[in-house]
Every structure is written in C-alpha cells, then in structure tokens.
Amino acid sequence: MAHSKVVIIGSGPGAHTAAIYLSRAELQPVLYEGMLANGTAAGGQLTTTTDVENFPGFPNGIGGAELMVNMRQQSERFGTEIITETISKLDLSQRPFKMWTEWSDGPNDPPTRTADAVIIATGANARRLNLPGEEKYWQNGISACAVCDGAVPIFRNKPLYVIGGGDSAAEEAMFLAKYGSHVTVLVRKNKLRASKVMAERLLAHPKCTVRYNCVATEVIGEAKDNGLMTHLRVKNVTDDKEEVVEANGLFYAIGHDPANALVKGQLDLDEDGYIITKPGTSFTSVEGVFACGDVQDKRYRQAITSAGSGCIAALEAEKFISEIGEEPKPHV
Ligand SMILES: Cc1cc2nc3c(=O)[nH]c(=O)nc-3n(C[C@H](O)[C@H](O)[C@H](O)COP(=O)(O)OP(=O)(O)OC[C@H]3O[C@@H](n4cnc5c(N)ncnc54)[C@H](O)[C@@H]3O)c2cc1C
C-alpha cells in the first residue's frame with residue numbers, strides 16, 4: 001500500500017492549482033484525475049466547453065480542453081504524480097486517511113493508498129433536462145452558465161430563454177438582458193421561487209418576461225454539423241398547448257449537483273450537498289481534509305475562483321503537513 005503526504009482528488013482548475021503549489025513545495029502530491037468520474041472527463045467541466053474568454057492571461061481566449069491540458073502539464077512539470085483512476089471510496093475516520101480506486105481495488109481489498117492530508121476537488125455538474133435536441137445544440141446555443149457564455153456573439157441582440165424559477169434564474173436572466181434582445185424565463189410552477197427582492201427586480205426588468213406554468217420540450221435549430229439552435233418548443237403545462245418560439249439561446253438555471261459521494265456522511269455538507277468550508281479557508285469539518293473548487297462553492301462556480309481556492313487548499317495542506325511533523329521545503 002502506497003503512502004503520500006497529500007492526495008488531491010479531482011482534475012479541474014481547483015485540483016491542478018493545488019497540485020502546482022504542492023509539487024513546487026516538493027510535497028510530491030498524488031492527483032487522482034478520475035476516469036469519467038461523475039460523468040465528466042479528466043480535466044473537469046471546462047473540457048465540455050469551447051472557448052474560455054474570462055480566464056486571465058489569455059487575451060484572445062483559449063479552448064476549455066486546451067486550458068486544462070496546459071494546467072495538467074504544469075502540474076506534472078513540478079512532479080505531481082497523476083493517476084488516471086477514479087477514487088471510489090475514502091475513509092476519513094482516522095489518519096492516515098485511506099482510499100480505494102474504482103477499477104483496481106475490490107471492496108474487500110486493502111486501500112490502494114493512505115495520505116496524511118486530502119484535498120477534495122471533485123467539482124460539480126450542472127443539471128440538464130435531456131431535452132430532444134439538447135445534445136446537438138449543447139454549447140451551440142444551450143449553456144448552463146450565463147456568466148461564462150452570455151457575452152459570446154451568437155447571443156447578441158437575439159431572443160434568449162432561461163429555465164428555472166429561483167434566484168440563479170433571476171440573476172442569469174438579468175445578466176443576459178445586457179446582451180440579448182429579450183430574455184424570457186420559463187417557470188414550471190405558477191410562481192417564482194426566487195427571493196422577494198430578486199423576483200421584484202426580474203419582474204420589473206424591461207427586457208425580461210416571466211412565463212409561468214411553462215416548460216421547454218424540444219430544442220430546434222440548424223441541421224448542419226455544429227449548427228446553432230434557432231427555436232424552442234414550449235409547452236404550457238396547464239392546457240398542454242405547445243408552440244414553437246424563436247430562441248437563439250437557452251440557459252439552464254436549475255441547479256448543480258456537487259460531486260460529494262465520496263465524503264457524504266464523513267464531512268459536513270450544506271442543505272444542497274456542498275462541502276462546508278470555514279469561510280475564507282479550505283478547512284472542512286475533518287482536520288487534514290481540505291476542499292476547493294465547485295464542490296464547496298455554490299455561489300461563484302468559475303474556473304478562476306476554483307483555481308484560487310485550490311491555491312488556498314494547497315497552502316493550508318502544506319502548513320498542516322508541516323505542523324504534524326513533516327518538513328516541507330519552502331516555496332521557491
Ligand atoms: C459548459 C461549461 C462552460 C463553462 N465555461 C466557463 C468559462 O467560460 N469560464 C469560467 O470561469 N468557468 C466556466 N465554467 C465553470 C467551470 O468549468 C467550473 O467552475 C470549474 O471547472 C470548476 O472547477 P473544479 O476544480 O471545481 O472541478 P471540475 O471542473 O468540476 O472538475 C472536477 C473533476 O474531478 C473529477 N472527479 C470527480 N470525482 C472524482 C473521483 N471520485 N475521483 C477522481 N476524480 C474525480 C471529475 O471527473 C472532474 O473531471 C463552465 C462550466 C461549464 C459546465
């Protein structure tokens with residue numbers, strides 16, 4: 001059984017930023033990047049998008065997959081050991097923490113590895129509706145992140161739709177109103193779930209309309225490869241009447257699922273399943289276990305905030321390891 005001072009679980013910007021800091025501090029981190037863990041390729045959510053235009057340092061934008069390849073190379077350059085396996089089980093009940101991998105270890109095998117400190121960077125997944133047409137037009141009109149994608153040219157001065165009735169939907173609709181010709185929010189129920197103040201702002205917004213009791217049933221668009229969505233089929237759930245409306249953008253604001261399966265019952269989670277970290281830190285409810293990225297952040301969920309929290313987790317893990325008796329070398 002192998003032992004490491006620190007293991008990072010995950011492979012998005014949070015995990016790789018932590019790996020870069022820890023490997024530069026010569027702590028020989030091991031990073032489990034997952035093998036389609038949680039339905040996401042190694043590299044995380046950004047591997048599912050085209051251009052990332054808001055990550056500093058790339059004035060002309062950079063492909064999401066390319067950005068993650070760069071981060072992976074940077075982690076490896078300083079000596080991170082990257083293992084392409086999914087961690088299937090984690091025992092945080094005592095130190096050293098124990099872990100098992102999905103493919104190599106059977107349920108009764110001894111753990112594959114132990115670690116003095118663990119950084120959880122397993123991310124989150126935006127919920128989808130799996131509508132007909134969704135696969136074809138994903139990122140060609142359909143998005144789960146208005147802040148990430150709202151400013152791209154295909155949405156400029158075009159009719160846009162948001163699905164959801166909570167604060168996120170209201171916030172995203174008003175954000176998108178800066179770019180689209182008009183934004184319609186489809187709400188399945190007959191009222192908004194959003195807080196009173198957000199609901200009032202949305203309803204008063206001159207470029208936003210809320211349609212209650214309405215759901216999207218199909219995304220329609222150009223037939224060619226990489227064609228864009230152009231229309232949406234909308235159903236009124238009170239009378240089942242359907243209509244096809246012009247729509248060049250569809251934004252899901254129906255929540256995210258944090259990838260918490262490994263730590264459920266072991267770390268404190270909030271009511272939506274996000275790992276609770278002490279504000280401004282990466283400390284979880286178990287000493288020696290740190291969390292970064294979207295699995296602990298339900299508010300911002302951006303690549304740069306994930307990377308920032310990965311840096312915090314690395315510095316805190318490094319300090320923890322030095323406090324329990326190891327002597328990591330200082331940053332150079
Ligand atoms: C379509 C799309 C477009 C986006 N565009 C932008 C953008 O333009 N700008 C921006 O700033 N943000 C954007 N985001 C948000 C951004 O991608 C996320 O905020 C960021 O990737 C979160 O990083 P993370 O480190 O938390 O991990 P994630 O990117 O969520 O990745 C976590 C990784 O951990 C792996 N993993 C999970 N469980 C295990 C396990 N048990 N063992 C091993 N590995 C595991 C998963 O497979 C996954 O690869 C976008 C998101 C999406 C979905």
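How many bridges pair β14 and β15, and in which sense, parallel or antiparallel? The two strands pair over seven bridges in the antiparallel sense, where strands are DSSP runs of E with at least two residues, helices are DSSP runs of H or I with at least four residues, and both are numbered from the N terminus. Two strands count as paired if DSSP finds at least two bridges between them. The structure is a predicted model, in which local features need pLDDT of at least 70 and side-chain atom pairs count only at pLDDT 80 or more, while totals for chains, interfaces and linings use all residues. Residues are numbered from 1 along each chain as its sequence is written.

The pair of strands belongs to an open sheet of three, ordered β14-β15-β16, with antiparallel pairing. At its edges are β14 (214-221) and β16, each of which pairs on one side only. From one strand to the next the twist averages 30°; axes here are lines fitted to C-alpha atoms, for helices over the stretch in contact, and angles run from 0 to 180 degrees between N-to-C directions. V215 stands opposite K235 in β15.

On the other pairing, β15 (residues 229-236) is joined to β16 by five bridges, and these strands run antiparallel. H231 has E246 in β16 as its bridge partner. The hairpin made by β15 and β16 has five residues between the strands, and D240 in the turn has a positive phi of about 65°. Strand β16 (residues 242-246) lies largely in the open because, of its five residues, the number buried is zero. A residue is buried if 20 or more other C-beta atoms lie within 10 Å of its own, exposed if 12 or fewer, and partly exposed in between, with C-beta atoms placed from the backbone.

Turning to the whole chain, the domain assignment gives domain 1 (2-125 + 256-325) and domain 2 (128-252), with bounds from an automatic or database assignment. Their C-alpha centres lie 32 Å apart.

The ligand is surrounded by 43 residues, the closest being G12, G34, G44, G123 and G293; a residue is near a molecule or strand if its C-beta atom, placed from the backbone, lies within 6 Å of it. Two or more residues of this shell come from each of α1 (13-24), β9 (124-126) and α7 (303-323). Domain 1 and domain 2 each give at least three residues to the shell around the ligand.
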